[in-house]
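Q: I have a structure open and would like to go through it bit by bit. Can we start with a term I will need?
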Amino acid sequence: MSGERGVRELLLGTWRGRFGIAVLALTVFVAAFGGLLAPYDPYASSTDVLEPPSWSHILGTTENGSDVFSQLLVGTRVSVVVGFAAALISAVVGSIVGLAGGYFGGWTDRILDAFENWFLVIPTLPLMIVLARVLSPSLTVLIAVIGLTSWAGTGRIVRAQVLTLRERPFVERARALGAGDTYIIRTHILPNTLPLIFANTVLIVAVAILSEAALAFLGLGDPTRISWGTMLENAFSSGAPSAGAWWYVVPPGLCITILVLAVSLLGFLFEEYINPRLREAT
Amino acid sequence: MSEIQGGEIGMGETLMSVSDVEVRFEARRRTARALDGVSLEWRPGEILGVVGESGCGKSTLARAMLGLQPTTAGQLSLSGGVVSSKDEQRALRMRVQMIFQDPYQSLNPRQRVAAIVTEPLKVQGVPKEEHDGRVRRAMSDVGLDPERYLDRYPHQLSGGQRQRVAIATALVLDPDGLICDEPVSMLDASVRAQILKVLVGLQKERGLALIFITHDLSLAWSLCDRIAVMYLGRVVEEGDAADVIERPRHPYTQALVTAIPVAVPGGGGRRELLKGELPDPTAVPPGCRFHPRCPRRFEPCDRVDPELVETGAPGQRAACLLYDPTVARPDGGG
């Protein structure tokens with residue numbers, strides 16, 4: 001546990017770390033510049049319907065004759081934006097609820113705890129489907145729905161950490177000096193909880209990316225934007241798999257899998273870094 | 001300060017006094033009497049030892065004295081004035097500081113030493129331009145070179161260095177009193193002596209009053225001016241350190257004292273072993289709280305709860321019916 005050097009070693013010294021960083025860096029790059037890299041307009045249709053991969057369309061074409069590779073590049077942005085934004089919302093909500101409940105205890109904790117349990121127990125995917133259906137589909141709604149249904153785990157973890165921090169002598173000493181709650185939370189509780197929040201949030205990025213794909217696949221995504229999930233939905237609704245058009249189904253599916261895997265590996269690495277006991281178990 | 005007071009033996013003058021303080025904990029419909037009517041006087045510049053078994057309420061007393069533990073009865077006074085309002089509480093927190101047992105838990109692992117030691121000044125609103133000088137002085141007072149240590153994190157320090165930082169943190173506000181809750185029990189024997197030396201040095205040079213909470217009687221004996229012995233949430237004997245340890249009056253103190261290891265060939269003489277465990281504070285025995293374990297109990301001990309009474313030596317008092325002039329003793333002697 002020697003500060004930043006340990007993190008760097010963990011990220012660049014293990015194959016999991018290198019793989020995670022490489023995939024994430026490439027994905028973020030494509031998300032930022034995918035539109036410029038795309039050889040075709042991903043929305044443009046043509047008469048070359050469901051063409052297999054060729055030199056002009058390296059990943060073939062869709063049922064409308066659009067270029068699959070261009071759609072894949074452009075669709076990256078939605079997955080990345082939804083994944084990170086939803087995880088951020090989840091981290092903020094979960095941290096506030098966990099901090100407030102754990103630190104203040106009593107009735108605040110009891111009410112927030114009941115709320116948290118409710119969100120933990122309720123199956124998230126059906127809840128997301130209902131919410132996404134009721135609200136009109138757009139990117140913002142998607143982010144909000146995913147973020148607001150996945151914070152309970154973070155809340156739980158933060159609360160547990162705050163409960164142990166609250167009783168530490170350095171917090172007690174600050175209280176003995178007459179420090180206020182805001183001061184204690186800001187200088188003593190939050191800095192000691194942040195690494196945990198961070199590791200947990202990285203894992204939630206993976207969950208959010210998967211959720212976006214699932215919702216989009218069910219037709220609840222933003223209809224005006226291409227994402228890996230909407231590509232899968234279009235492929236299935238147009239019967240591409242039964243027509244043998246694997247080039248339409250496999251690329252978005254594989255991209256989702258690899259990105260989720262990479263982000264999860266990074267999340268687990270951070271978790272191990274914070275809790276070295278996990279390292280011995282693997 | 002200690003010189004002025006030396007002539008008048010500090011009678012009547014107190015830094016802090018605790019009277020009839022009670023702390024109760026509710027747990028599963030049972031009430032634990034953690035502190036059950038504790039009274040204590042802490043004089044300026046003195047080292048007051050508070051000794052007793054674990055669970056007797058030593059640490060609760062320390063926390064109650066700083067207002068960290070809500071009390072159900074009794075009052076605290078600072079220099080003779082009762083502490084009740086917010087402002088008085090604030091003054092108390094300026095003038096009396098505390099250091100904790102575990103130096104690995106008492107420093108925030110994510111703050112540098114400089115931030116840790118500055119914190120009291122920040123919280124108490126001391127003007128910024130004084131911070132640096134006061135922090136450096138406090139560091140030097142505990143024997144840590146500010147240049148070398150201010151930029152470090154706690155995990156880069158040894159246990160003894162951490163405890164020194166904790167003491168510096170307490171000193172930076174220039175307190176009159178320092179409550180030390182088992183400050184050396186988690187440290188190696190070699191480091192222990194250094195930390196004790198720092199504390200005693202501060203008492204001598206700054207006239208700092210210390211409360212030294214410990215379960216180590218021989219340590220209290222060599223270090224303290226006065227000693228209060230606690231048993232099950234109450235002070236059962238108090239007096240000058242030499243009197244209490246060399247001529248203990250309360251049977252509980254007597255048993256503790258005979259248990260001090262002495263390097264004498266063939267053993268240190270008569271050893272009185274206490275039977276049984278410290279009773280549960282949710283079930284304090286009626287009468288004298290020590291009577292079920294007392295080797296010298298007699299007829300009224302299970303009915304009458306003894307008060308602290310004079311036992312002969314000046315200032316030495318014990319809560320035992322053996323010394324109560326109104327109770328007939330079983331034998332003629334003491």
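A: Two strands count as paired if DSSP finds at least two bridges between them. Keep in mind that this is a predicted model.

Q: OK, which residue stands opposite B:Leu178 in strand 8 of chain B?
A: B:Leu178 has B:Leu210 opposite. Strand 7 (residues 177-181) and strand 8 (residues 209-214) of chain B are joined by five bridges and run parallel.

Q: What lies across strand 8 of chain B?
A: Helix 8 (residues 189-206) of chain B, at about 150° to strand 8. Helix 8 of chain B also lies across strand 3 (47-51), strand 6 and strand 7.

Q: And what does helix 11 of chain B touch?
A: Helix 11 (residues 251-258) of chain B packs on the sheet against strand 9 (226-231) and strand 10 (234-240). Its direction makes about 105° with that of strand 9 of chain B.

Q: What is the strand order in the eight-strand sheet of chain B?
A: The order is 6-7-8-3-9-10-12-11, in an open sheet with mixed pairing. Strand 6 (96-99) and strand 11 (309-310) of chain B are the edge strands, each pairing on one side only.

Q: What is the bridge partner of B:Ser77 in strand 5 of chain B?
A: The partner is B:Val82. Two bridges join strand 4 (residues 73-78) to strand 5 of chain B, and these strands run antiparallel.

Q: Now the two chains. How many residues does the contact take from each?
A: Chain A gives 18 residues and chain B gives 21. Between them the chains bury about 1800 Å², 55% of it on carbon and sulfur atoms. A:Glu172, A:Arg173 and A:Leu177 supply 37% of the area that chain A buries against chain B.

Q: How many salt bridges cross the interface of chain A and chain B?
A: Two, by the rule used. The side chains of A:Arg173 and B:Glu119 meet in a salt bridge at 2.7 Å, N to O.

Q: Which helix of chain A gives the most to the side that touches chain B?
A: Helix 8 of chain A, with seven residues.

How values were computed
Residues numbered from 1 in each chain as written. Chains lettered and ligands numbered in written order. Predicted model: local features only at pLDDT ≥ 70, side-chain atom pairs only at ≥ 80, totals over all residues. Heavy atoms only, no water. Helix = DSSP H or I, 4+ residues; strand = E, 2+ residues; numbered from the N terminus. Contact = heavy atoms within 4.5 Å. Buried area = accessible area lost by both parts, 1.4 Å probe. Salt bridge = Lys/Arg side-chain N within 4 Å of Asp/Glu carboxyl O. Axes fitted to C-alpha atoms, helices over the stretch in contact; angles between N-to-C directions.
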